[in-house]
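Trainee: I would like to learn how to read strands and aromatic rings in a model. Can we work through an example together?

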Amino acid sequence: MITSNFNAVLDRMLTLSQAMSETEDGIPTTTSPRARIQLWVPPVDIYETESAFVIEADLPGVHSENVDIQFDRHTLTISGTRGATLPAKDKAQLRVFSAERPTGSFSRSVRLPEHVDAEKIGARFAEGVLTVQVPKSVGALPRKIAISATADAKSISA
């Protein structure tokens with residue numbers, strides 16, 4: 001039951017995070033037609049293990065030096081830039097039949113529960129997939145509570 005409730009909360013957090021990302025990055029801040037519009041939002045998987053929250057983002061064609069990960073007030077933000085996918089040389093000579101891979105800036109923000117260990121967040125980038133592991137704080141980890149053998153209920157300390 002607790003796992004079910006937590007999964008529902010995590011699903012709501014993901015939905016809210018996506019809505020915030022779309023609102024924050026998908027709507028121009030000015031009426032100018034050249035206003036910054038985010039052309040692509042990398043897909044992410046967010047899941048929980050016994051000891052951590054894991055965020056995996058598909059970033060094909062993005063170099064790790066062009067990715068920035070920030071954690072502030074329980075919000076993890078992955079942002080960066082994917083460069084041009086078409087050759088820069090002799091663009092006048094190119095005959096492009098299809099150019100469907102978006103380029104430019106991207107950003108995804110994920111709100112996490114308060115019980116994480118921000119000092120131990122780690123990330124790795126392999127085969128176009130960024131994996132960020134956010135460990136749970138010690139207080140959030142499951143633990144077994146010992147039962148006292150004494151019959152005196154007053155001996156239990158709060």
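**Reading a buried ring and its surroundings**

Mentor: Start with Phe106. Its relative accessible area is 3%, so Phe106 is buried. Keep in mind that this is a predicted model.

Trainee: How many aromatic pairs are there?

Mentor: The count comes to one aromatic pair. The ring centres of Trp40 and Phe106 lie 4.9 Å apart and their planes meet at 55 degrees, so the pair is tilted. Planes have to be over 60 degrees apart to count as edge-to-face.

Trainee: Which parts of the chain does the pair link?

Mentor: Distant ones, 66 residues apart. Trp40 sits in the loop between helix H1 (2-26) and strand S1 (44-48), while Phe106 belongs to strand S5.

Trainee: Is Trp40 buried or exposed?

Mentor: Trp40 has 8% relative accessibility, so it counts as buried. The charged end of Arg82 sits over the Trp40 ring, 4.0 Å from its centre.

Trainee: What sheet does S5 belong to, and in which order do the strands run?

Mentor: An open sheet of three strands, in the order S3-S4-S5, with antiparallel pairing. Strand S3 (67-72) and strand S5 (104-111) are the edge strands; each pairs on one side only. Strand S4 (residues 75-82) pairs with S5 over eight bridges. Within S5, Arg108 is the bridge partner of Ile78.

Trainee: Which residue takes a positive phi in the hairpin of S6 and S7?

Mentor: Glu127, near 55 degrees; this hairpin has two residues between the strands. Strand S6 (residues 122-126) and strand S7 (residues 129-135) are antiparallel and share five bridges. In this pairing, Ala123 stands opposite Val132 of S7.

Methods:
Residues are numbered from 1 along each chain as its sequence is written. This is a predicted model: local features need pLDDT of at least 70, side-chain atom pairs count only at pLDDT 80 or more; totals for chains, interfaces and linings use all residues. Side-chain values use heavy atoms; hydrogens and water are left out. Two strands pair if DSSP finds at least two bridges between them. Helices (H or I, at least four residues) and strands (E, at least two) are DSSP runs, numbered from the N terminus. Rings of Phe, Tyr and Trp (its six-membered ring) pair if their centres lie within 6.5 Å; planes under 30 degrees apart count as stacked, over 60 as edge-to-face and the rest as tilted. Buried means under 20% relative accessible area, exposed over 50%, partly exposed in between (1.4 Å probe, protein chains only). A charge sits over a ring if NZ of Lys or CZ of Arg is within 6 Å of the ring centre and within 35 degrees of the ring normal.
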